[in-house]
Amino acid sequence: MAVLDIKNLNVAYKSRNEKVFAVDNVSLSISEGDSVGIVGESGSGKSTLAMAILRLLSENDTEITGEIDFKGKDLLKMDINEFNKIRWKELAVVFQKSMNALSPIHKIGSQLEDIYRVHEPKIAKQKLKEKILSLFKLVNLSDRVYNLYPHELSGGMLQRVSIALSLIHKPPLLILDEATTALDVVTQGQILSEIQKLEQDIKMTRIMITHDMSVVANSCKKVVVMYAGKIMEVGNVEDVLIKPTHPYTQGLMKSFPTLKGEKKELSGIKGFLPNMSEKNKGCIFAPRCSFVQEVCHKVAPKEFEIKSGHLSACHLHGSEIN
Ligand SMILES: Nc1ncnc2c1ncn2[C@@H]1O[C@H](COP(=O)(O)OP(=O)(O)O)[C@@H](O)[C@H]1O
Ligand SMILES: [Mg+2]
């Protein structure tokens, strides 16, 4: 069953005299228990997508159309009070700088307790402390963090507190937006393996936004490749990362020569992201694509099915499915 079903989602940031089409007609269905990596260059709309799901975008500054169905209910149409009841409890997100949300004047333990009690006010103090300490263990933090203030922790420790916080209610849907990027490789690996255990225990679904292909390869079942607000390719990790079919994914993979090796700049793809305040009629990747044909400048490609569950939005491929 799809836990999250995004249909024709568009998000545009409005500024004085232009719009930035940050998410452009994205449709994506994520099943319960899936772990989905979202990759793509910086500026591709990945964080905007996460913020739209969590309704963190300001209504005044953005224009949002489409549907985001979570367990059958459209999050975008849900009454805000109803939405607040499920935010953090059923769907949680951690950003790279989530720790900025912590109060500097309260101890870590008491902040986590207060946050937990918003949804479960009746829990006994000792039981709650045990819950928090077990989460600390999961993210490799020692018990003493409970009695420390945020300024007494390093950036990496604070980031781990934010991850612990996101897991406090064991949400069915967890979104990590570059949340483990700044952590050292060992800690990142350990946290991801604990999260993967949780996924099996409670059938948690995870969306992992990252620029690090090795994280996707090692911890996700599926991958979504985004470019300039659009989905270029979707499929199982072993298909998309090992046999990428979209020229953009192929370029991304060339920028990461080995899945476990050193990170390199995006040397595989020449040029820059297009101006996202203009909608062009052809394929958005055409100006940078080494396989560009005449049709690419005129007609936006639909998603072509390479095989079941593996889709690629490129004119080079098979027959259209929609
Ligand atoms: N608050 C904002 N106002 C205007 N434009 C924004 C804002 N936030 C992001 N953008 C633009 O939206 C596009 C997508 O950004 P983002 O979702 O942050 O991409 P990613 O997370 O993939 O790096 C970029 O062109 C970015 O400049
Ligand atoms: Mg981002």
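**Group meeting: a ligand shell and an open sheet**

Hi everyone, let's begin at ligand 1: the residues around it are Tyr 13, Val 20, Ala 22, Gly 40, Ser 42, Gly 43, Ser 44, Gly 45, Lys 46, Ser 47, Thr 48 and Met 276. Please keep in mind that this is a predicted model.

Two elements, strand E2 (19-31) and helix H1 (46-53), each contribute at least two residues to the shell. Which element gives the most? That is H1, with three residues.

Now, on to the sheet. It is an open one, built from eight strands with mixed pairing, and if you follow along on the structure, the order is E6-E7-E8-E3-E9-E10-E12-E11. At the edges you will find strand E6 (91-94) and strand E11 (304-307). Each of these has a single partner strand, so one side of each lacks a neighbour in the sheet. On average, neighbouring strands here are turned by 20° against each other, ignoring direction.

Let me zoom in on one pair in the sheet. Strand E9, residues 222-227, runs antiparallel to strand E10, residues 230-236, and six bridges join the two. As an example, Val 225 has Glu 233 in E10 as its bridge partner.

And what packs on this sheet? Helix H5, residues 155-166, does, touching E6 and strand E7 (173-177). The direction of H5 makes about 175° with that of E6.

Thanks, everyone, and I'm happy to take questions!

Key: Residues numbered from 1 in each chain as written. Chains lettered and ligands numbered in written order. Predicted model: local features only at pLDDT ≥ 70, side-chain atom pairs only at ≥ 80, totals over all residues. Near = placed C-beta within 6 Å. Helix = DSSP H or I, 4+ residues; strand = E, 2+ residues; numbered from the N terminus. Pairing = 2+ DSSP bridges. Axes fitted to C-alpha atoms, helices over the stretch in contact; angles between N-to-C directions. Contact = placed C-beta atoms within 7 Å.
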